[in-house]
Amino acid sequence: MTCRVRGRVQGVFYRASTERKAKELGVRGYVRNLDDGSVEVLACGVPAQVEALRSWLWQGPRAARVEGVDCEVVDGDAPAGFSVK
């Protein structure tokens, strides 16, 4: 699943917090900043764990102000772990 997170999500440790949560849940993929100020998350793994991360994306770290999370299912090979790009 690929998600785009909109709002105040850059410069607030959103990527590092997402990486920590994904590893805690056992989700593989990545998180990266996009040029438009949003954050992209690729989440792969057990559906319940991916859904738990998707729900967490609406929270993020304390300083974040999430305005939207748009996700879509994607096919392809999953990365070995979870990384910040």
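S38 counts as buried, at 4% relative accessibility; buried means under 20% relative accessible area, exposed over 50%, and partly exposed in between, with a 1.4 Å probe and protein chains only. The model is predicted, so local features need pLDDT of at least 70 and side-chain atom pairs count only at pLDDT 80 or more, while totals for chains, interfaces and linings use all residues. Residues are numbered from 1 along each chain as its sequence is written, and side-chain values use heavy atoms, with hydrogens and water left out.

**Residues in loops**

- S38 is found in the loop between β2 and β3; helices (H or I, at least four residues) and strands (E, at least two) are DSSP runs, numbered from the N terminus.
- Leaving aside residues up to four places away in sequence, S38 touches R4, V5, R6, V9, Q10, R32 and N33, where contact means heavy atoms within 4.5 Å.
- F13 is found in the loop between β1 and α1, and F13 is exposed, with a relative accessible area of 66%.
- The phi of F13 is near 65 degrees, which is a positive value in a residue other than glycine.
- D75 has its place in the loop between β4 and β5 and counts as exposed, at 81% relative accessibility.
- D75 and T2 are 73 residues apart along the chain, and their C-alpha atoms are separated by 9.8 Å.

**Helix α1**

- Helix α1 covers residues 14-25, and its 12 residues should span 16 Å at 1.5 Å a residue; the expected span is 1.5 Å times one less than the number of residues.
- Which residues of α1 are buried? They are Y14, S17, T18, A22 and L25.
- S17, a residue of helix α1, counts as buried at 11% relative accessibility.
- S17 touches W56 and P61, not counting residues up to four places away in sequence.
- After α1 comes G26, whose phi is positive, near 80 degrees.

**Helix α2**

- The residues V50, L53, W56 and L57 are buried in α2.
- They cover an arc of only 120 degrees around the axis, which puts them on the same side of α2.
- P47 and A48 are exposed on the other side of α2.
- What covers the buried residues of α2 includes β1, α1, β3 and β4.

**The largest pocket**

- Rolling a probe the size of a water molecule over the atoms shows where empty space is left.
- On a 1 Å grid over the protein atoms alone, a pocket is an open set of points where a 1.4 Å probe fits, with protein on both sides within 12 Å along at least five of seven lines.
- The largest pocket has a volume of about 150 Å³; a volume is the space filled by probe spheres set on the grid points, which are joined across faces, edges and corners.
- M1, L42, A43, C44, V73, V74, D75, G76 and D77 line the largest pocket, and lining residues have an atom within 4 Å of a point.
- By class, this lining has 6 nonpolar, 1 polar and 2 charged residues; Ala, Val, Leu, Ile, Met, Phe, Trp, Tyr, Cys and Pro count as nonpolar, Asp, Glu, Lys and Arg as charged, and the others, Gly among them, as polar.

Terms used. Arc of directions from axis to C-beta.
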